[in-house]
Amino acid sequence: LSSWVASFVFPPYNSMGNCSSECLSDDNHDGQGVQEGQAVARRTTVFGESFSMEALGIHMPTIPGDIALAGTLTKSRVSSIAFRYASWICLTDDAFSPHEAALNDAGIEVAVLAFPSFPTLPSQEQAAALLSAMETMPRPLMLQASTVLRAGIALLLHLAKSRTVPPELAAQFGEDVNHRFFADCILASPMQQWILSNLPKEDILRIRKPIDGLVMRQLFDPDTSTFTYLLGCLKTREAILIDPVLEQKDRDLGILRDWGFRLLFGLNTHCHADHITGTGAIKKELPHVKSIISVRAGAKCDIPVDDGDTIVFGAFDLHCIATPGHTNGCVTFHLRERDGKPGMLFTGDALLIRGCGRTDFQHGDPGLLYDGLWNKLFALPDKTLVYPGHDYKGRFSSTVGEEKKFNHRLTKPRAEFIELMNNLNLPYPKKIDVAVPANVVCGIQE
């Protein structure tokens, strides 16, 4: 469920001015967010007037990603925003769209698909056609239906299927976020059953089953696109948190209570520049909790760790792997392979999905980062799962094998990588002046 909470929440929708979906990429991570002036560039002029994307009826989900949602749009509005998208999916009752010709003329790849209005439910063939289009069409992608909510249903199905989320979690997710087709709408049941019937069955999920006896939950902070990870031992009920966020303290403590876990440690992969760690606030409520960070981070903590150290919780342990370069105090936590199940790497900002952390402040060193990732993390089995500290494009995990093949930065020769990283010229994270001083003292709020 937590991985879904980290992926999408449809209502309420963000306007472009508040959304990270098209504003951030691997090249400007660390939560610096939307810079002043960029917001102006993302406004569109229609008939001499300036409209926000929200005024045009375009909504971006509160997830990171590159898919926009829209309801019914006029021809003039379609024409004014079409340049923003590489592809466009129109979901209509009769597989006809008045915008198809104009979009084709603009050089945009278009798919007009039948997606009947409620109470008629899409067929299996229609669902398959939608999923195929969403998986293969280039990004950025506009997903348009008769209403934004209906477009959201299609996005929900796509994300659920692509992330191999089982029906049980999909139903629980819908209830938790009060999505109207899963919660308070009296017409919920038919559409709910349609979505659930199109999700993967248990045998497809076998490769994603967690290590026996382990609970792992991936949680998401939408303001900073930060992932927090909760790991718990079902036998002893002992748990740890990796990279908690101050503003999400109550969420994290609530999940611990739900599971009946006793939190032992609050771990930080490095001294963050984009958010204040929640470790200090958690320690105030749970004084027995011990804070952990690299000895090289220069930050206050209860237990400083170094390369090769081990952190034990219940029947499990995390191996500490020093991966400096983003900062001098970055550490990756490795839950090693067990019972034939792949190991897990919690990489913080050192290794991201198809990217890596910037190296231009906090004693960053691109050569050191490159060497550490290739000589340590990429030396692990290809099937080892990678769980990053951030993502801005709707992705949640990768593998060592994938990153060795497809990471557009780290597949470069070492000299080219260093040249690239030294010339990113990124603005500083917007919270750096607040976050770093607070994190040096474990995020303790006086």
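**Entry 1. Helix α14**

I began with helix α14, residues 432–440, and asked which of its residues are buried. They are Ile432, Ala435, Val436, Ala438 and Asn439. I kept in mind that this is a predicted model. I also noted the general rule: an α-helix has 3.6 residues a turn, so residues three or four places apart point the same way. Then I looked at what follows the helix. Cysteine 442 comes after α14, and its phi is positive, near 70°.

**Entry 2. Lysine 283**

I asked what lysine 283 touches, leaving aside its neighbours within four places in sequence. The contacts are Val289, Ser291, Asp302 and Cys442. Lysine 283 itself sits in helix α10, residues 279–285. Is lysine 283 buried or exposed? Its relative accessible area is 18%, so lysine 283 is buried. The cut-off for buried is under 20%.

**Entry 3. The chain as a whole**

I stepped back to count. The chain has 14 helices and 21 strands. It runs to 446 residues, and 57% of them are buried.

**Entry 4. Aromatic rings**

Next I turned to the rings. I reminded myself that a pair of aromatic rings is described by the distance of the centres and the angle of the planes. How many aromatic pairs are there? The count is 13. One pair I opened is tryptophan 259 with phenylalanine 261. Their centres lie 5.7 Å apart, the planes make 5°, and the pair is stacked. Tryptophan 259 has 29% relative accessibility and is partly exposed. Phenylalanine 261 has 9% and is buried.

I then opened the pair of phenylalanine 346 and tyrosine 387. The centres are 5.6 Å apart and the planes are at 15°, so this pair is stacked. Where do the two residues lie? Phenylalanine 346 is in strand β17 (residues 344–348), and tyrosine 387 is in strand β20 (residues 385–388). The pair therefore ties together parts that are 41 residues apart in sequence. Phenylalanine 346 is buried at 1% relative accessibility. Tyrosine 387 is buried too, at 9%.

Phe346 and Tyr387 belong to one aromatic cluster, together with Phe220, Phe227, Tyr229 and Phe396.

**Entry 5. Cysteines**

I looked for disulfides. The count is 0. Cysteine 233 is buried, at 1% relative accessibility. Cysteine 320 is buried as well, with a relative accessible area of 0%.

**Entry 6. Two helices that pack**

I went on to a helix pair. Two packed helices are described by the angle between their axes and the distance between the axes. Helix α11 covers residues 366–375 and helix α13 covers residues 414–421. They pack at an angle of about 135°, with their axes 9 Å apart. How are α11 and α13 placed relative to each other? At that angle they are oblique to each other, because over 145 degrees would be needed to count as roughly antiparallel. The crossing of α11 and α13 is right-handed.

I listed the residues that meet. From α11 they are Pro366, Gly367, Leu369, Tyr370 and Asp371. From α13 they are Arg414, Phe417, Ile418 and Met421.

Last, I checked the backbone. As a rule, most residues other than glycine have a negative phi, and most peptide bonds are trans. I noted some exceptions here.

Which residues does a cis peptide bond join? They are arginine 139 and proline 140, with omega about 0°. Proline 140 lies in the loop between α5 (124–136) and β7 (141–144).

Arginine 237 is not a glycine, yet its phi is positive, about 65°. I found arginine 237 in the loop between β9 (226–233) and β10 (238–242). At 28% relative accessibility, arginine 237 is partly exposed.

Aspartate 243 is not a glycine either, and its phi is about 55° and positive. Aspartate 243 is in the loop between β10 and α9 (249–259). Is aspartate 243 buried or exposed? It is buried, at 3% relative accessibility.

Definitions and conventions:
Residues are numbered from 1 along each chain as its sequence is written. This is a predicted model: local features need pLDDT of at least 70, side-chain atom pairs count only at pLDDT 80 or more; totals for chains, interfaces and linings use all residues. Side-chain values use heavy atoms; hydrogens and water are left out. Buried means under 20% relative accessible area, exposed over 50%, partly exposed in between (1.4 Å probe, protein chains only). Helices (H or I, at least four residues) and strands (E, at least two) are DSSP runs, numbered from the N terminus. Rings of Phe, Tyr and Trp (its six-membered ring) pair if their centres lie within 6.5 Å; planes under 30 degrees apart count as stacked, over 60 as edge-to-face and the rest as tilted. A disulfide is a pair of cysteine sulfur atoms within 2.5 Å. Contact means heavy atoms within 4.5 Å. Axes are lines fitted to C-alpha atoms, for helices over the stretch in contact, and angles run from 0 to 180 degrees between N-to-C directions. Angles under 35 degrees count as roughly parallel, over 145 as roughly antiparallel, 65 to 115 as roughly perpendicular and the rest as oblique. A crossing is left-handed if the near helix is turned anticlockwise from the far one by less than a right angle, and right-handed if clockwise.
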